[in-house]
Amino acid sequence: MHEQAFTLTIKPAEASQLEVLEHEFSPDTLSKPHYKRYEVQQQGEGAYLIAWHDHTPVGHFLLRWSGPRDERVMKYVDVTKTAYLEAGATRVAYRRKGVATALIREAERVARAKGCTQIGLSVGSTDNPEAKRLYEHLGYVDWGRGEFLISWEYIDTHGNQGTESEVVTYLHKRL
């Protein structure tokens with residue numbers, strides 16, 4: 001028996017999809033991260049790319065035109081010509097099927113078309129070795145200036161505000 005070909009469609013998020021994205025990817029938070037990422041797209045500061053298999057969202061990446069916002073990285077990176085990938089995720093059942101690779105390649109294509117000469121991202125230094133291997137396989141290299149801490153705030157399903165942190169390293173690639 002032949003397996004059906006796995007097809008993906010990658011396109012920028014639409015307002016009508018935001019509740020589905022929240023439900024599928026962020027059911028444990030009231031922070032509405034997908035609305036915030038869509039807002040970046042609406043303000044013309046990036047593209048919120050969504051990977052779809054049939055009518056199911058299976059992955060996403062936010063592509064910013066202005067490079068990373070972290071001051072430690074901004075000291076060394078020309079953010080005027082550097083796109084930045086953040087908030088990437090692939091649903092567990094769809095991992096190792098090329099979803100993240102397809103999203104990253106589309107992000108690189110879109111960034112190049114926008115006039116960016118390089119692209120970067122931050123990845124967990126110790127807790128995300130599979131993602132780091134993927135990025136390196138796709139040609140991303142360590143920036144050589146060490147690890148740093150990033151933090152973000154969230155609101156859980158009970159309305160409690162919290163902060164999460166992660167030690168990351170910055171990887172980049174010429175486009």
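This is a predicted model: local features need pLDDT of at least 70, side-chain atom pairs count only at pLDDT 80 or more; totals for chains, interfaces and linings use all residues.
Trainee: OK, and in what sense does strand 4 pair with strand 5?
Mentor: Parallel, over 4 bridges; strand 4 is residues 82-90.

Trainee: What do strand 4, helix 4 and strand 5 make together?
Mentor: A right-handed β-α-β unit, with helix 4 covering residues 99-113.

Trainee: And how does strand 5 pair with strand 7, parallel or antiparallel?
Mentor: Antiparallel there, over 7 bridges, with strand 7 running through residues 161-174. For a residue pair to look at, Ile-119 has Lys-173 in strand 7 as its bridge partner.

Trainee: Switching to helices. At what angle do helix 1 and helix 2 cross?
Mentor: Roughly 135 degrees, and their axes come within 8 Å. Helix 1 is residues 18-25 and helix 2 is residues 33-42.

Trainee: Why call helix 1 oblique to helix 2, then?
Mentor: Because of that crossing angle of roughly 135 degrees. Only angles over 145 count as roughly antiparallel, and 65 to 115 is roughly perpendicular, so this one lands in the oblique class.

Trainee: Which hand is the crossing, left or right?
Mentor: Right-handed, as helix 1 passes helix 2.

Trainee: Which residues make the contact?
Mentor: From helix 1, look at Leu-18, Glu-19, Leu-21, Glu-22 and Phe-25. Helix 2 brings Pro-33, His-34, Tyr-35 and Tyr-38.

Conventions:
Residues are numbered from 1 along each chain as its sequence is written. Side-chain values use heavy atoms; hydrogens and water are left out. Two strands pair if DSSP finds at least two bridges between them. Helices (H or I, at least four residues) and strands (E, at least two) are DSSP runs, numbered from the N terminus. A crossover is right-handed if, with the strands pointing away from the viewer, the path from the first strand over the helix to the second runs clockwise. Axes are lines fitted to C-alpha atoms, for helices over the stretch in contact, and angles run from 0 to 180 degrees between N-to-C directions. Angles under 35 degrees count as roughly parallel, over 145 as roughly antiparallel, 65 to 115 as roughly perpendicular and the rest as oblique. A crossing is left-handed if the near helix is turned anticlockwise from the far one by less than a right angle, and right-handed if clockwise. Contact means heavy atoms within 4.5 Å.
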